[in-house]
Each structure stands twice: as C-alpha cells, then as structure tokens.
Amino acid sequence: MKKLVPTYDLYGERFDNGPDFWLHCETIPSRSSLHHWEIGLHRHESFFQILYISRGSGDAVFEGRSLSIVPPAVVTVPPRVGHGFRFSRDIDGFIFTLLTSHLRVAPGERSRFGAFLAEPRVTALPLGDGDALYIGETLTRLATEWGLRNRGRTDLMEAYVTAALALTARLIGGREAGGPVDSDGNERRVERLASLVHQHFRSHKPAAFYARELGITPTHLNRVVRSVTGQSVRDFIARKLTDEIKRELVFSQESAQEIAFRLGFTDPAYFSRFFLRQTGKTPRGWREAERAKRDPAARTTDEAPQSSE
C-alpha cells in the first residue's frame with residue numbers, strides 16, 4: 001500500500017481556522033532541531049517554500065529522489081509536492097513559506113519562470129557570482145524585514161521574493177544546455193508587459209494601450225504573447241486581473257462589491273460575470289471554496305447583495 005504523505009501548513013502543524021499569514025519565516029535550525037534534524041516526507045496544499053542554506057549540509061528528498069545540499073544554496077518546493085529534508089547539526093539559514101497566490105507567476109504557467117517554479121529544485125549559489133551573492137543577500141534581507149513588522153513591509157517582501165526567485169531561475173537557465181534562447185526578445189517583451197499590467201490593472205487598460213507602451217502594434221503584441229504564453233493579450237491581461245481578485249478574496253474581509261470597486265469595476269454585476277467566466281465560480285463561491293481548503297468547517301458571509309454574485 002502506498003504510504004500516505006501528510007499535508008501541513010507548517011511542518012507538524014495544522015491551523016484550525018486557516019493560516020493568518022501570506023508569508024512565514026523561521027530559521028532552519030528552529031524547527032529541524034525539534035525533529036532531530038530530519039523533516040519527514042510531507043507536502044503543502046497551497047504553499048510554496050524557499051529554503052536558503054548558508055551553512056551546513058544535507059539532503060532534500062523529493063518524492064523518493066534525493067539531492068545533496070551544499071551551501072550556499074536555495075531549495076524551492078512548489079505546492080503539492082512530497083518533500084523532506086535531512087540536515088547536519090551545523091545547518092543554518094532560513095525557510096520561507098508563502099501562499100502560492102502571492103507569486104507573480106503561477107507555477108506551471110507557460111513561461112521559463114513558470115516552468116522553473118513548477119519543479120522542486122536545489123540550486124547551488126556559486127561563490128563569486130554576482131547574482132548568487134545578491135540572492136543570498138536578498139533572502140537574508142527578506143528574513144530581516146519579516147521580523148521587523150515595519151510599515152510597507154508587504155510590498156518590500158513581495159519584491160524580495162520576486163527578485164530572489166527570478167535570479168535563481170536565471171542561474172538555472174544559464175546552466176541548462178540546449179534550452180530555448182530568447183533570440184527575438186519576445187520573453188523580455190512579455191516580462192515588460194506583465195510589469196505594465198501590474199501597474200495599470202485597476203485602470204482596465206485595453207491591449208492597444210500596452211502595445212503603444214511597448215512600441216509595437218496590437219497585432220504584433222498578440223503574436224508575441226501567444227508565442228510565449230499560448231494566450232491572447234486579452235486573456236493574459238484578464239488572468240493577471242483575476243489573480244489579483246483572488247488575492248483580495250482570500251486576504252481581505254471586504255465584500256465582493258467593495259473589492260470590485262477597489263479594483264476598478266464600476267458595475268458589481270459585471271465584476272461577478274467576469275470572475276465567473278474566468279474561474280467557473282462566483283466570487284462568493286470561490287472564496288468559500290478556498291477557505292474550506294484551509295478549514296473544512298469554515299464558512300464565509302459575504303456582505304455583497306446576491307444580485308452582484
């Protein structure tokens with residue numbers, strides 16, 4: 001019989017009412033020392049994990065496959081992947097657990113970055129490499145910022161997470177021989193488009209606006225986006241907006257109607273139709289389903305009138 005792999009929020013813990021964080025940070029020794037320096041095979045349903053190992057050594061086990069960890073190194077673990085660790089007693093570093101919905105790109109999304117995030121990895125940080133050094137410094141700064149609880153910390157921590165993961169993906173890409181080369185610059189254009197959408201999604205700008213900002217025609221932009229993501233520009237923009245709505249529904253206690261207005265929708269009924277078309281669920285239904293994943297007994301009361309759902 002196949003061994004059941006337990007699912008945790010944090011290793012050894014399940015929260016009765018769902019986690020109250022989007023990012024959690026702790027030192028690796030603080031938890032592994034409680035378990036004799038060995039973290040048994042487990043997985044996380046909705047969380048992505050980043051481990052930064054600055055000292056010591058160990059092994060990462062991904063669903064039966066064991067990889068050595070030699071510092072400095074970064075370990076990335078996508079959700080729903082069985083994993084465990086064996087550490088030496090002199091291990092040091094940090095482990096970050098974050099909700100997958102806070103990643104700028106979803107694991108598995110059709111892009112190099114999405115492909116990187118979809119697979120569990122151990123990435124060595126070469127000594128003397130500028131990007132590798134910056135990754136270690138950024139993750140250390142992320143841990144510091146998490147502990148300070150200062151104003152504006154969420155924006156800073158999201159930026160640190162994005163920078164560290166993007167640079168780690170770049171290191172991986174540089175080592176993988178035979179990988180696709182962005183000779184026509186299309187991936188860079190899509191990265192620029194994603195940045196512009198992040199800036200302007202509340203204004204609901206059309207595809208033509210983004211084409212002008214990128215200095216190409218709407219038809220050319222559509223070809224570029226399809227070649228990299230398999231989506232049309234319109235679908236790409238809609239997905240980014242949908243991801244933001246999902247984040248608001250999970251982390252905000254506001255009604256769907258209030259979220260709609262804050263995200264630039266002037267008609268709550270249209271907001272609900274848009275979300276239903278993108279996800280197959282109403283905002284209320286999606287919110288309840290997500291909360292039930294974290295606590296099956298949880299139920300939510302949305303203040304928005306039924307007609308807007």
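**Entry 1. Aromatic rings**

I started with the aromatic side chains and found Phe265, Tyr270, Phe271 and Phe274 linked into a cluster by ring pairs. I note here that the model is a predicted one.

I then asked how many aromatic pairs there are by this rule. The count comes to eight. I looked up Phe85 and Phe87: their ring centres are 5.5 Å apart and their planes are at 10 degrees, so I wrote the pair down as stacked. The cut-off for stacked is planes under 30 degrees apart.

Are Phe85 and Phe87 buried or exposed? Phe85 has 3% relative accessibility and counts as buried. Phe87, at 10%, counts as buried too. The cut-off I used for buried is under 20%.

Next I took Phe275 and Trp286, which form an edge-to-face pair. I noted 6.1 Å from centre to centre and 85 degrees between the planes. Where do Phe275 and Trp286 sit in the chain? Phe275 is in helix α10, residues 268-279, and Trp286 is in helix α11, residues 283-294. The two are eleven residues apart, and I recorded the pair as a link between distant parts of the chain. Phe275 and Trp286 are both buried.

**Entry 2. Charges over rings**

I looked for charged side chains over ring faces and wrote down two cases. Arg149 lies over the face of Trp146, 4.7 Å from the ring centre. Lys205 lies over the face of Phe209, at 5.0 Å from the ring centre.

**Entry 3. Helix α8**

I picked helix α8, residues 233-251, which has 19 residues. From its first C-alpha to its last I read 28 Å, close to the 27 Å expected at 1.5 Å a residue.

I then asked which residues are buried in α8. Among them are Val233, Phe236, Ile237, Lys240, Leu241, Glu244, Ile245 and Glu248. I also found Ala238, Thr242, Arg247 and Leu249 buried in this helix.

**Entry 4. The whole chain**

I finished with totals. The chain has eleven helices and nine strands. Of its 309 residues, 48% count as buried. I looked up contacts between residues at least 6 apart in sequence, and 70% of these join residues at least 24 apart. The accessible surface of the chain comes to about 15,900 Å². Carbon and sulfur atoms account for 50% of that surface.

Notes. Residues are numbered from 1 along each chain as its sequence is written. This is a predicted model: local features need pLDDT of at least 70, side-chain atom pairs count only at pLDDT 80 or more; totals for chains, interfaces and linings use all residues. Side-chain values use heavy atoms; hydrogens and water are left out. Rings of Phe, Tyr and Trp (its six-membered ring) pair if their centres lie within 6.5 Å; planes under 30 degrees apart count as stacked, over 60 as edge-to-face and the rest as tilted. Buried means under 20% relative accessible area, exposed over 50%, partly exposed in between (1.4 Å probe, protein chains only). Helices (H or I, at least four residues) and strands (E, at least two) are DSSP runs, numbered from the N terminus. A charge sits over a ring if NZ of Lys or CZ of Arg is within 6 Å of the ring centre and within 35 degrees of the ring normal. The expected span of a helix is 1.5 Å times one less than its number of residues. Contact means heavy atoms within 4.5 Å. Accessible areas come from the Shrake-Rupley method with a 1.4 Å probe; for residues, only the protein chains shown count as cover.
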